[in-house]
Amino acid sequence: GGVVSAGGVGFDISCGVRCLHTGLKRADILTVQHALADALFKHIPAGVGSTGAIHLNSEQMHDMLTGGARWAVAQGWGSAADLERIEEHGQMPHARPGCVSALAKARQREEMGTLGSGNHYLEVQEVTEIFDTAAASAFGLAAGDVMVMIHCGSRGLGHQIGSEFLLRMAAEAPAHGLHLPDRELACAPIHSDLGQEYLGAMRAAINCALANRQILTHLCREAFGRILPGFDGRLSGVNASGTSVQRGLDGKGTRANS
């Protein structure tokens, strides 16, 4: 049945990109460029160990780890239409929050709705060149369109899960007849108890990332609305993790592979 490797999956579990169409053009943004940048920076916490205004108790943490973006929408961060544009429709099934350590949950308790650091970013971007006219048309994109791209993952929770299971897998490898050329390749038989525990925890971390990107989308919409009074809460789009890309604009959607 093969193996599953915590090191192979990585530490920022479900790190992914959400691309949002604002419905605006370059000229709409330039006049408020600095104010919008300040609003986004103030409204969306970023940086190492950044925390936000959202604080989850034990029950809320469990619901978030099982519900993903669906949980976030149910709490008021976005709309049901968003879920049609997200991989797995916003919720990874078969998550096992019980396999996530208390420390991992504690690290995430105040990090929902935060961007983090490293290569994570939130950018307001302009489409400057079209390389595939048919694809751009299917996605509703044209030169001069303003997009928002959010790159984030499962924050401290995912990193803690990766760290803990890497150690456990390395320690149990000899018992499974596994000889590792590199500690980072630590793995476990996928049908073993350890392998199944990791998969359950990994799926919970995926839901954490899905929920976090959904909350960031909502906060981004709020920031745009504060600076652009006529902005109607658009920013519709796609949440892309791994090789899955789903794209939706104002209720119209297509699916493609990246």
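Pro45 touches Ser50, Thr51, Gly52, Gly113, Thr114, Leu115 and Gly116, leaving aside residues up to four places away in sequence, where contact means heavy atoms within 4.5 Å. Pro45 lies in the loop between H3 and H4, and its C-alpha atom is separated by 6.2 Å from that of Leu115, although the two residues are 70 residues apart along the chain.

The model is predicted, with local features needing pLDDT of at least 70 and side-chain atom pairs counting only at pLDDT 80 or more, while totals for chains, interfaces and linings use all residues. Residues are numbered from 1 along each chain as its sequence is written, and side-chain values use heavy atoms, with hydrogens and water left out.

The protein has nine helices and eight strands, which are DSSP runs numbered from the N terminus (helices H or I, at least four residues; strands E, at least two). Of its 258 residues, 48% count as buried, a term that stands for under 20% relative accessible area, with exposed over 50% and partly exposed in between (1.4 Å probe, protein chains only). Among the contacts with a separation of 6 or more, 79% come from residues 24 or more positions apart.

Two packed helices are described by the angle between their axes and the distance between the axes. Axes here are lines fitted to C-alpha atoms, for helices over the stretch in contact, and the angles run from 0 to 180 degrees between N-to-C directions.

| Helix pair | Axis angle | Axis distance |
|---|---|---|
| H8 (residues 155-172) and H9 (residues 193-227) | roughly 165 degrees | within 9 Å |
| H3 and H9 | about 140 degrees | 9 Å |

H8 and H9 are therefore roughly antiparallel to each other, a description kept for angles over 145 degrees, with under 35 counting as roughly parallel, 65 to 115 as roughly perpendicular and the rest as oblique. H8 passes H9 in a left-handed crossing, whereas H3 passes H9 in a right-handed crossing; a crossing is left-handed if the near helix is turned anticlockwise from the far one by less than a right angle, and right-handed if clockwise.

In the second contact, Ala35, Leu36, Ala39, Leu40 and His43 of H3 meet H9 residues including Leu219, Phe224 and Ile227, and the residues divide into nine nonpolar, one polar and two charged.

The largest nonpolar core has 61 residues, and those with the most contacts inside it are Met64, Leu157, Ile161, Tyr198 and Phe224; such a core is a set of buried Ala, Val, Leu, Ile, Met, Phe, Trp, Tyr and Cys residues joined through side-chain atoms within 4.5 Å. H9 gives the most to this core, with 17 residues. Ile161 touches Ile13, Val100, Ala104, Tyr198, Ala201 and Ala205, again leaving aside residues up to four places away in sequence.

Most residues other than glycine have a negative phi. Glu88, however, has a positive phi of about 60 degrees, and His89 has a positive phi of about 50 degrees. Glu88 lies in the loop between helix H5 (80-83) and helix H6 (102-108), and at 43% relative accessibility it counts as partly exposed. His89 is found in the loop between H5 and H6 and, at 33% relative accessibility, counts as partly exposed.

Notes
Nonpolar A, V, L, I, M, F, W, Y, C, P; charged D, E, K, R; others polar.
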